[in-house]
Amino acid sequence: MRKLSTREKLLIGSLALMVVLYAGLEFWYLPLTDQVQALKAEKAELETEWERVRYYAEEKAAIRQDIARLNTEIAALMERVLPPNQSYRFWEAVLEKTASTQVTATLLSEQDSKEEMSLQFSVKGPGQNVYQFMRELEQIPYIHAVIQGDIRFEEQETEASFTVLIHQL
Amino acid sequence: MMASRSWRAGIQIGRQHVKLVVMRKKGKRWNVVLEDTETAPEAIMKDGKVLQPELAGLQIRKLWMKHRLKVRHVSVVAEEMPFYVRRLHLPRMPKKEIPKAVENKARLELPVELRDVAIRFFPVREAKKEDRETTQEYVLVAAYKSDIDALVRAVKAAGLSVQAVGLEPDAICRGLAYDKPDEPVQHTRLLVKMGANRMMLAVMSGGQFDYARYVPIRGEGRDGTEEIAGEIDRTVMGWEASAGGRTIQTIVFLDEREEWPAVRERIGRSFSGETVVLPAPYTACLGAVLPAEGRINFHSDPPPLHKLTRSPLYLKAAALVMLAAVAAGLYESGSAYMLRRDIDRLQQQLDRNREAKEWADEKLVLMELVRHLQQASDEYADRHVSSAALYDFVMDRLPPGVIIHDMAFTRDELTVSGFAPDQHAVTELLRNFQEAGLFPRVSLVHSSEGDGLYSFALRLETGNAAEQDET
């Protein structure tokens, strides 16, 4: 077999060098740089988290106090939220008000949806009593909103109907 | 003992022993700091070939353990290792062509296949004056690769790496040059050393190794003396005949041996020069350790940097490119390693403070729940229409004689209907509502007379309803 000249050796060597460099770049260096970038991002994320956690660690006592305060606040707020499937509580409150103001409840109905409940009811009685009932209705503690109403004034008595929305978890 | 560039170690492997010399550089001179011998329980060499590299490695290891040596790069020389030596005359030629020319000459001169031997050569310093301008004389030395490999394996078996594999006669010459620095360089000596099986005859000329051979000695007593003296005579005559007028001035008998007095007496009859006996048990080992230019080194793995400095420019450039690429890759690898270490450290810190994080998360959840509940409360308060307040609003603004019959309300509007004694009362009621300013748009839906009373209907719209209408 003929021996290769220096120029041929040089060409083959250059080609081999380029192949090796390309392979190294493609399969070693570039994946490595990608990995380094990913690691840098992960480190930055962890550093941010660490800064936050370090602050938490320093403020541990204050956080515990805040948790206790928030729990108290939530307990107070939760008393105003009607639990699911317990609409009877609201009806009981309405009937209590009708009894105290001496009006008669003539219709009760309800419609349930995802986060709120729609109630319709009517009351009848002397005008002043119905007015008193309307005032008392404002005092029901559950989170609710009267969104529609109709008050008809007759000679002897007044009839009022209401549509109320109630928030529930 | 410390391991650094100022320390060197050399090993000499004999038939049943391993010798060690350690030198340390102080100033510009290398000084011997340790000489020792470890005896093997059985033969580790035969005829200059290492038979059991592992056993030899074990003996070397013992020496290293005994003296707690830290030197890891050693030179090694084997006693009586077979070799070929030839003198070559080559015409003057460019330096880079010399190796090829020597190889071609070696192919003709040596009785072995070139692929089986490692070849080294060096120029003879004292070329003949008349030939100096046209030719250059070289000494060619060749040793079997298998013997060299066995030596390297023995060193590696001891957990060390090889710096150089030397040749015994060359190492002895250089060891003697170190021991006798005052001797004139031009002095030519024949070195005689009796080995386990064979006698070494080496010529040291111009301060360096010139020629050597091993000869087997079978005779004993008087026959042995004659045989040794005969070989010495033949070597002296043979070398002087080929050396172009140079003569051997001194015959040096190495080590104290019982046959040397008789041999010296016998040689004295035919040799006009001086004969001396030199006890030098560690000379070969010493010569192997000494750093010197032109040393015969059969180790075929010279440092890459050394190879590179002697390579052509394009190879240097290619190596530089590769080096840069590898350095870039290593830098990235190092970065990745450092980043992983930092990430691990951060993870550990986070793990240690996990409780604080859980509390903080719990606080966030609770805050979110409070916000949700308050938002719901505010939203319902915003949507709520107070019927009692509307009632008060309407009743407070009724003119005398006006009666309300119906009040219907949504979040957007309030419709009030009733009866009034005349149209003025209706208009007054409309004015009262409009001037109250609570509802942006107040309008009269109708007002009509019937049965002596005027029925009316008014629409009071909130801002939302008004905006929807305009849209």
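This is a predicted model: local features need pLDDT of at least 70, side-chain atom pairs count only at pLDDT 80 or more; totals for chains, interfaces and linings use all residues.

Reply: Start with B:Val74, which stands opposite B:Val162 in β10 of chain B. That pair belongs to the link between β6(B), residues 73-78, and β10(B): five bridges join these two strands, and they run parallel.

Now step back to the whole sheet. Five strands of chain B make it up, in the order β3-β2-β1-β6-β10, and the sheet is open with mixed pairing. Its edges are β3 (29-39) and β10 (161-166) of chain B, each of which pairs on one side only. On average, neighbouring strands here are turned by 25° against each other, ignoring direction. As for what holds such an arrangement together, strands of a sheet pair through backbone hydrogen bonds, either parallel or antiparallel.

What packs on this sheet? Helix α3(B) does, touching β1 (7-13), β6 and β10 of chain B. The direction of α3(B) makes about 145° with that of β10(B).

In general, nonpolar side chains tend to be buried together in soluble globular proteins.

B:Cys285 deserves a look of its own. Leaving out residues up to four places away in sequence, B:Cys285 touches B:Gly10, B:Ile11, B:Gln12, B:Lys19, B:Leu20, B:Val21 and B:Val77.

Finally, two loop residues with backbone angles to check. B:Arg68 is found in the loop between α1 (53-67) and β6 of chain B, and it has a positive phi of about 50° although it is not a glycine. Is B:Arg68 buried or exposed? B:Arg68 counts as exposed, because it has 7 C-beta neighbours inside 10 Å and the cut-off for exposed is 12 or fewer.

The other one is B:Asp255, in the loop between β14 (250-254) and α6 (260-270) of chain B. Again this is a residue other than glycine with a positive phi, near 65°. With 14 other C-beta atoms within 10 Å, B:Asp255 is partly exposed.

Methods:
Residues are numbered from 1 along each chain as its sequence is written. Chains are lettered from A and ligands numbered from 1 in the order in which they are written. Two residues are in contact if their C-beta atoms, placed from the backbone, lie within 7 Å. Two strands pair if DSSP finds at least two bridges between them. Helices (H or I, at least four residues) and strands (E, at least two) are DSSP runs, numbered from the N terminus. Axes are lines fitted to C-alpha atoms, for helices over the stretch in contact, and angles run from 0 to 180 degrees between N-to-C directions. A residue is buried if 20 or more other C-beta atoms lie within 10 Å of its own, exposed if 12 or fewer, and partly exposed in between; C-beta atoms are placed from the backbone.
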